[in-house]
Amino acid sequence: MAEIHHPLFRSIGRGLSHHCPACAKGRLFGKYLKVQPRCEACGHELARYPADDGPAYLTILLIGHLIVGPALFFPIVWETSPAISLPIILTALTLVTLVALPRIKGAWIGMMYALQVTDREQRLHTADAAD
Ligand SMILES: [Zn+2]
């Protein structure tokens, strides 16, 4: 079987911009986080790339380290009454998370595409083991 090379950073970039990692023309998501079964432009099967909890975990990791951690160094966070600061901080974190999650999921699927990790292989291995 011929090895197909998909550049990692190009595939991740296409996923980040919500586009098919194979052609960069079709949309990756049908709804907010729902991956299209097939690319509308090139027909590539997009649903076979496993995302599972990876994008959610990575989103929490990034937002925790890049936003929550550094925010604790600002005295205003500690000096303001929690009744005022908590609703503002939690609303901002929720918005940032909702914006970041589909981009990170797209990048994740782009990475799965580049590394050629698919659900189908997993199912085939399971089927082989059952035989
Ligand atoms: Zn495509």
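**Exercise 1.** In this predicted model, determine which residues of helix H1 (residues 8-16) are buried, and state where they lie when seen down the axis of H1.

*Solution.* Step 1: Ser11, Ile12, Arg14 and Gly15 are the buried residues in helix H1. Step 2: Viewed down the axis of H1, these buried residues fall within an arc of 160°, so they line one face of the helix. An α-helix has 3.6 residues a turn, so residues three or four places apart point the same way. Step 4: Helix H4 (82-115) is included in what covers the buried residues of H1.

**Exercise 2.** Identify the residues of the nonpolar patch on the surface, and explain why Leu62 counts as partly exposed.

*Solution.* Step 1: The patch is formed by Leu62, Leu66, Ile67, Val68, Leu72, Trp78 and Val96, which together have about 630 Å² of accessible area. Step 2: With four residues, helix H2 (residues 54-71) gives the most to this patch. Step 3: Leu62 is placed in helix H2. Step 4: A residue is buried under 20% relative accessible area and exposed over 50%, and partly exposed in between. Leu62 counts as partly exposed because its relative accessibility is 34%.

Technical notes
Residues numbered from 1 in each chain as written. Predicted model: local features only at pLDDT ≥ 70, side-chain atom pairs only at ≥ 80, totals over all residues. Heavy atoms only, no water. Patch = residues over 30% accessible without salt bridge, like charges linked within 9 Å, V, L, I, M, F, W, Y side chains within 5 Å. Areas by Shrake-Rupley, 256 points an atom, 1.4 Å probe, with all protein chains shown as cover. Salt bridge = Lys/Arg side-chain N within 4 Å of Asp/Glu carboxyl O. Helix = DSSP H or I, 4+ residues; strand = E, 2+ residues; numbered from the N terminus. Buried < 20%, exposed > 50% of the residue type's maximum accessible area, 1.4 Å probe, protein only. Arc of directions from axis to C-beta. Contact = heavy atoms within 4.5 Å.
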